[in-house]
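The chain is shown first, and the notes follow.

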Amino acid sequence: MTDSNPSYGPFFGVMGAASAMIFSALGAAYGTAKSGTGIAAMSVMRPELIMKSIIPVVMAGIIAIYGLVIAVLIAGTLDTPDKYPLFKGFMHLGAGLAVGFSGLAAGFAIGIVGDAGVRGTAQQPRLFVGMILILIFAEVLGLYGLIVGIYLFTR
């Protein structure tokens, strides 16, 4: 092992891949659960709106895909310690954390907006377009993390 390729170098890459998947999946799970409870509560009175109201759940699931993409990219480049520089490990850790934490934040936003938006849309159908716009802005937070993660990954 050399100074630039220590034996613990791949640890940071593995932690980046794990962070991307864990935190983005947490965000997606929260968004799905929170939006799902809103859909369940709304569907008691307006069951015809169930399929229209599933959009926040789908958008929350996309957040987990962002984490999966970075985790697979990082895992695909992991190598033995003598061929994996510490710099690359740190960059992969940063990429995973960027995607993971932005996915967590986006999932929280999607869950809260999805829950309130679905319940509100059941009472006032004109709220639907506004809910979709807010959900798009929440989803884009995760996309920003993916962009930064890919940029860090390629460095």
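Helices (H or I, at least four residues) and strands (E, at least two) are DSSP runs, numbered from the N terminus. This is a predicted model: local features need pLDDT of at least 70, side-chain atom pairs count only at pLDDT 80 or more, and totals for chains, interfaces and linings use all residues. Residues are numbered from 1 along each chain as its sequence is written, and side-chain values use heavy atoms, without hydrogens and water.

**Annotated segments**

An unreviewed UniProt entry places "domain: V-ATPase proteolipid subunit C-like" at residues 15–74 and 93–152. Such annotations may be inferred rather than shown by experiment.

**Core**

A nonpolar core joins buried Ala, Val, Leu, Ile, Met, Phe, Trp, Tyr and Cys residues through side-chain atoms within 4.5 Å. Buried means under 20% relative accessible area, exposed over 50%, partly exposed in between (1.4 Å probe, protein chains only). The largest core has 27 residues; Met42, Ile63, Ile70, Ile74, Ile110, Met131 and Leu135 touch the most other members. Helices H1 (9–45), H2, H3 (86–123) and H4 each supply at least two core residues. H2 gives the most, with 8. Beyond neighbours within four places in sequence, Leu135 is in contact (heavy atoms within 4.5 Å) with Pro56, Met59, Ile110, Val113 and Gly114.

**Surface**

Ile150 lies in helix H4 (residues 127–154). Ile150 is partly exposed, at 34% relative accessible area.
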